[in-house]
Amino acid sequence: MSKYNEKTLNRAKSLRLIDDAFFRLVGARKKVCQEILRTLLTDDNLVVKEVTVQKTEVSIYRELVLDALCTLGDGSLCNIEVQKSDANNDIKRARFHASLITSNHTPKKTSFDNIPNVKIIYITEYDVLGNGQAVTHISRCQLVRNTYKPVNDGEDIFFANAASKQRNKQSHLLKLFLKSDSFYDEAYPALSRTVKHFKDSKKGRDQMCQSIEEYAAESSIDAIIKTCLAHKDSLEQTIQFVKYQFSEATNELITDRYHLLSGVTQ
């Protein structure tokens, strides 16, 4: 019998790959990310060496939490981002992701020749660009005599549209992101096995439920901290307010989130 209530269990059952609370679990598997990227980038030789999920990247004024930041075999960085709400300016959001990853992963005094190449894979359940394509590659170009020619600056953004009705491998994969039930697709064995584990086994379902509760708690804690910051409350006052609502929250967690959300790093 599960230790989680019926509401949480039903929520876990309804989760899809496009949902953050589920993708943070599935996207932690290197082979899963490799299968996804090989299809969306049409590169059967692509290798994922390392994956970090829910990585926080901080700029001077704001932070981003990356869904799955992959280090590829050629040393380039590739962030897989899932987005189901169209409340953002997705085009500028993806641009900001690329710029922040570039700056935060470029060591001091690095020559411009050695700035890392960065790819953003931005997966949505709606058509960001309104062109009906499953995947659209955006890269910088130069205008030469009324003709656009590519400029290889090491930054590439790919919008992946799960609402596309195209009949190709990319669209087929993206449709799997909208399924709430487990599945088996021979083209994606690692993805299929991972989804089945979290959907159909008790251990996997418990992990999903834990992820749901952690995701909800993080969001609520951040909301309280943002309110405290708006009222110019001190760190000590913020810890007190948060722990009144979330007694299990540690001082270390609250302190870290306080500094991140206020734009202060230590």
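How many residues apart in helix α7 are D206 and K202? Select residues 202–230 to display helix α7, then pick out the pair: D206 and K202 are four residues apart, about one helical turn. The model is a predicted one. The two side chains form a salt bridge, with N to O at 2.9 Å.

Next, select R16, D19, K84 and E125. Salt bridges with shared partners join these four residues into one network.

Is D19 buried or exposed? D19 is buried, with a relative accessible area of 3%. K84 is partly exposed, at 38%.

Move on to helix α6, residues 189–200, and show K196 and D200. This pair lies four residues apart within the helix, about one turn. The closest N and O atoms of their salt bridge are 3.1 Å apart. Here K196 is partly exposed, with a relative accessible area of 48%, and D200 is also partly exposed, at 39%. For the whole model, the salt-bridge count comes to eight.

Now hide the charged residues and turn to the nonpolar ones. In soluble globular proteins, nonpolar side chains tend to be buried together. Which residues have the most contacts inside the largest nonpolar core? Select L37, L40, C70, I123 and L191; the core they belong to has 45 residues.

Centre the view on L40 and list what surrounds this residue. Setting aside neighbours within four places in sequence, L40 is in contact with I121, I123, V135, A160, Q170, L173 and L174.

Last, select L69, A98, V118 and Y122. These are among the 13 residues of another core, which lies apart from the largest one.

How values were computed:
Residues numbered from 1 in each chain as written. Predicted model: local features only at pLDDT ≥ 70, side-chain atom pairs only at ≥ 80, totals over all residues. Heavy atoms only, no water. Buried < 20%, exposed > 50% of the residue type's maximum accessible area, 1.4 Å probe, protein only. Helix = DSSP H or I, 4+ residues; strand = E, 2+ residues; numbered from the N terminus. Core = buried A, V, L, I, M, F, W, Y, C linked by side-chain atoms within 4.5 Å. Contact = heavy atoms within 4.5 Å.
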